[in-house]
Amino acid sequence: QVAGHFVLVVVGIALLTWVAWGLLGPAPSWGHGLVNAVAVLIIACPCALGLATPMAIVAGTGMAAQRGILIRDPQTLETAQHIDMVVFDKTGTLTHGTPVLTDLVNLGELTDDEVLRITASIEALSEHPVAHAIVTAYDGPLDDVTNFEAIPGRGVIGTVGGVTYLVGNHRLAEDTGVCSPEIEAILEAFETDAKTAVVLMTSDRALAILAVADTIRPESAEAVAQLHALGVEPVMLTGDNTRTALAVARQVGITDARGDLLPDDKLRIVGELSAKGPVGMIGDGVNDAPALAKAHLGIAMGAAGTDTAIETADVALMDDDPRKLAELMRISAHTSHVLWQNITIALGVKVVFFVLTMTGSASLWLAVLADMGASLVVIANGLRLLNRPSHGPSRRTSHDRNTR
């Protein structure tokens, strides 16, 4: 866009300089005017201006990579500084994503071993972290499962020994119609303790309730605090029940937490929030992929995340540290500052030497020196990004947050 106008303007200025010196100079000379016109073309050479943006972008993405933040494209690096709200998934993002089985409440129809065997056999076909916790807790042989099907946001279904079982969350139990006051009380108690409850049931009755607990990442609370310091509002969306969501949110410092969400619900909410301003979404699972794609900035937990989430996201955090999200925003803002410094240096030098050359105060060799000097300054200024400390300023300026 710049080149389409820049070349014509520069050639026009060079011709004007030649004509002006040939006709109106102190000692009119077409030869001296030609030298000045060539000097104008040399100083106008856009080497420094052409290096200003890619030099800052390459240094910024390189610095981010050194810190375990992999950025897909330059637009992503520019977008990060403008994010006003970050949507967190819970499992695998704010928590470790490696829950363990903590409780088993047998409702009496099966033995504890049968409950674990049937549940683990069905969950073995699922990729969900909660399913992995149940499978890990059972060390015996698994049954053959047929007609397996995943119910997004609710659980799974499968046939074992000719009987069709459902294994799912509180919402699936309610949808199936097996929730009695006794079962509701057990589920609520687990959920209040920030545990994820899983119900083993048939189409007409509940057989057992299993509780799985996931530990919160020690970095999560600090990550949320850093976002607050940057003026970014955190929101948590999860398929787990609302009570568990609120319990986890309280521990990490998030006030807006929403549970019992299907992947479509996450996608809808991210779309609604995106309509109000730039939104980032950070998650690790297949269920998060649509919302990651919808957000202005999609961030995947690179080590723990699924391939689908990583492929969909714009950024991958390779060591699964959510604090790096705030670091990404600081890198983005710093890179933007250096980029504009480079542009200002490149254009400023050209404007000064344009005037000097047109008035005959700058020689041809000085124009060459100024052009090369500006390029070297731009390169050196961009390389400063590689030496930036890990922790930048704790708060962005209003310009950083509001510039689009």
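1. A word on terms before the residues come up: buried means under 20% relative accessible area, exposed means over 50%, and partly exposed is in between (1.4 Å probe, protein chains only). The model is predicted, so local features need pLDDT of at least 70 and side-chain atom pairs count only at pLDDT 80 or more, while totals for chains, interfaces and linings use all residues. Residues are numbered from 1 along each chain as its sequence is written, and side-chain values use heavy atoms, with hydrogens and water left out.

2. Let's begin with the overall form. The protein has 17 helices and 13 strands; these are DSSP runs numbered from the N terminus, with helices (H or I) of at least four residues and strands (E) of at least two. Its C-alpha trace spans about 110 × 40 × 35 Å along the principal axes. The radius of gyration is 30 Å, whereas a compact globule of 404 residues would have one near 22 Å (taken over C-alpha atoms; the globule rule is 2.2 Å times the number of residues to the power 0.38).

3. On the interior, buried residues account for 50% of the 404 residues. Of the contacts (heavy atoms within 4.5 Å) between residues at least 6 apart in sequence, 65% join residues at least 24 apart.

4. Which residues form the aromatic pair? The structure holds 1 such pair, made by W18 and W30, and it is edge-to-face, at 5.7 Å centre to centre with 85° between the planes. W18 sits in helix α1 (residues 2-23) and W30 in helix α2 (residues 30-44), so the pair ties together parts that are 12 residues apart in sequence. W18 is partly exposed at 32% relative accessible area, and W30 is also partly exposed, at 41%. For the cut-offs: rings of Phe, Tyr and Trp (its six-membered ring) pair if their centres lie within 6.5 Å, and planes under 30 degrees apart count as stacked, over 60 as edge-to-face and the rest as tilted.

5. Now the largest pocket, with a volume of about 960 Å³. A pocket here is an open set of points on a 1 Å grid over the protein atoms alone, where a 1.4 Å probe fits, with protein on both sides within 12 Å along at least five of seven lines; lining residues have an atom within 4 Å of a point. Grid points are joined across faces, edges and corners, and the volume is the space filled by probe spheres set on the points.

6. The lining of that pocket has 42 residues, and S126, E127, H128, P129 and N287 lie nearest its centre. Among the elements that give two or more residues are α5 (90-94), β4 (146-151) and α12 (263-274), while α7 gives the most, with 4 residues. The lining divides into 16 nonpolar, 18 polar and 8 charged residues (Ala, Val, Leu, Ile, Met, Phe, Trp, Tyr, Cys and Pro count as nonpolar, Asp, Glu, Lys and Arg as charged, and the others, Gly among them, as polar).

7. Not counting residues up to four places away in sequence, N342 touches A52, A56, V378, N381 and G382.

8. Lastly, a loop residue: T238, between β9 (233-237) and α11 (242-252). T238 is buried, at 2% relative accessibility. Beyond four places in sequence, its contacts include D89, K90, R258 and D260.
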